[in-house]
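Subject: Structure for you to look at

Hello,

Here is the structure I promised to pass on. Please open it alongside this note. My findings follow below.

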Amino acid sequence: MKTFKKIVFGILALIIILVLVAFLLPKQYKVIRTVTIHAPDSTIYQLTSNFKQWDLWISWTKDTDSTAIYELTGEDGKVGTTWKWNGKKLGNGEMIITETKPNQLFSYDLSFDKGKYQSKGQIIIESFGDSSKVSWTDTGDLGYNPMARYMGLFMDRMMGNDFEKGLTKLKTIAEERKNWPRITEMIIPEQIVLLIRDSAGPETFAQVLGKGYGEIMRFVKANQLNTKGHPFAIYQKWDSVTMFSVMDMGIAVEKVENPGGRIKVETIPAHKVVMARYFGPYDKTGPYYYALQKYCLQTRIETVGGPWEIYVTDPMVEKDPLKVETDILFPVK
C-alpha cells in the first residue's frame, strides 16, 4: 500500500512539475521561413494574394488529401474573403484575408478545428533589383493550456517544413512566370455584335481581315450605328501547322436589326475570360498564347470556345508596331 501511495504521489509531483514548467515556456510561438525569388514582386503577389493560386504551391492541397472539400466565399484577393476546407487528413480549417498591400503584404487569420486553434499569418514581399525576398510567418497565442505550451515547442518544426516546401514551389512557379505577361481574370458583359465569318492562311490573313472589317464599318456608317469597344476576332478553328484559321470578325453595337448577307447579328452573353495585353506585331503573339494556356492548365481553369483577339490600336494610325495593342482573351468557365 505504501508503495502504491509513493507511486501516486510521484505521478502527482511529476504532473505538478510539468504544469509549472509549462507556465515557464513561451506563451506565443512564431514560425518564419524566407526565400529569395528572381521574379518581380507583382508576379509573386499575384500568386500569394489569391487563394485560387495557392493550390499551385502550398502543401495542403487535394494531392495531400483527396477527400478535402474547399469553399471560397467573397472576392478572391480582397479583405474579408474566406477560404475553408474539410478533409480526413487535413481536418477542417479556414483562412480569412485581413490586410493587403499590393506587391508587398498579404495577411490572414488562420484557424483549425472550428476555431479551437487560431493564429495569424503574413506573406511579406521585399523587392530589390530584379529579385524579391519573400517571408512567410505564422504567429499564435498558446494561452494558459499547459499542453498547448508544450506543443508550441514543436510548431516551428511542424509548420516550418510545409512553409519550406511551399516557398520552394512558389519560387519555381514565380521564376517561370517572370517573363509572362500580366494575366487577369475578368467578366466580359453581354454584347450585341455584328459578325462576319471567314477563313484565311498566313498569306491572306491581313487581306481577309481588312475586307471583313471594311464591310462591317461601311454597314455601321450607312446605318448610323453606335459602336461599343474595339474590333475583335473570335478564332473558331486554328491549325498550328498550316496556320490556317476560321474566325468571326466583329464589333459590338448598341442596337441593330438583322442586316442579312455576310453580316450576322448575335447577342453574346456575359462570360468570364482570362486576358493578356500584348504590344507588338501580330505575328509575335505566340508566347502570350502559351502563357495563357499554361495559366489555365496550372489553375485548372477550363477553356470554352476559341480565343479572342481585341484590336485596341489601329495599325493604320499607329505606325510604331511596338505600340500596337492587342488584347488576347480565353473564354473560361
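Start with Trp 57. Leaving out residues up to four places away in sequence, Trp 57 touches Leu 47, Thr 48, Ile 123, Trp 136, Lys 165, Gly 166, Lys 169, Leu 170 and Ile 173. Contact here means heavy atoms within 4.5 Å. Apart from it lies another core, of 19 residues, which includes Val 208, Phe 219, Val 253 and Val 256. A nonpolar core is a set of buried Ala, Val, Leu, Ile, Met, Phe, Trp, Tyr and Cys residues joined through side-chain atoms within 4.5 Å. Buried means under 20% relative accessible area, exposed over 50%, and partly exposed in between (1.4 Å probe, protein chains only).

A word on the source. This is a predicted model: local features need pLDDT of at least 70, side-chain atom pairs count only at pLDDT 80 or more, and totals for chains, interfaces and linings use all residues. Residues are numbered from 1 along each chain as its sequence is written, and side-chain values use heavy atoms, with hydrogens and water left out.

The largest nonpolar core has 33 residues; Trp 54, Trp 57, Met 95 and Trp 136 touch the most other members. Helix α5 (residues 155-177) supplies the largest share of this core, six residues. Helices (H or I, at least four residues) and strands (E, at least two) are DSSP runs, numbered from the N terminus.

Helix α2 (residues 41-48) is mostly covered, with six of its eight residues buried. Those in α2 are Thr 43, Ile 44, Tyr 45, Gln 46, Leu 47 and Thr 48.

Now the whole chain. It holds seven helices and 15 strands. Of its 333 residues, 41% are buried. Among contacts with a separation of 6 or more, 66% join residues 24 or more positions apart.

Next, the sheet. Eight strands form an open sheet with antiparallel pairing, in the order β8-β13-β15-β14-β10-β11-β9-β12. The edges are β8 (183-188) and β12 (264-268); each has a single partner strand, so one side of each is left without a neighbour in the sheet. Neighbouring strands of this sheet are turned by 35° against each other on average, direction ignored. Two strands pair if DSSP finds at least two bridges between them. Four bridges join β14 (residues 308-311) to β15 (residues 325-332), and these strands run antiparallel. Trp 308 has Leu 329 in β15 as its bridge partner.

Helix α6 (residues 205-222) lies across β9 (191-200), β10 (227-238), β11 (245-253) and β14, at about 25° to β11. Axes are lines fitted to C-alpha atoms, for helices over the stretch in contact, and angles run from 0 to 180 degrees between N-to-C directions.

α6 also gives the most to the lining of the largest pocket, with seven residues. That pocket has a volume of about 1,100 Å³. Of its 33 lining residues, Phe 205, Tyr 235, Tyr 282, Glu 309 and Tyr 311 are the closest to its centre. A pocket, on a 1 Å grid over the protein atoms alone, is an open set of points where a 1.4 Å probe fits, with protein on both sides within 12 Å along at least five of seven lines; lining residues have an atom within 4 Å of a point. Grid points are joined across faces, edges and corners, and a volume is the space filled by probe spheres set on the points.

Best wishes
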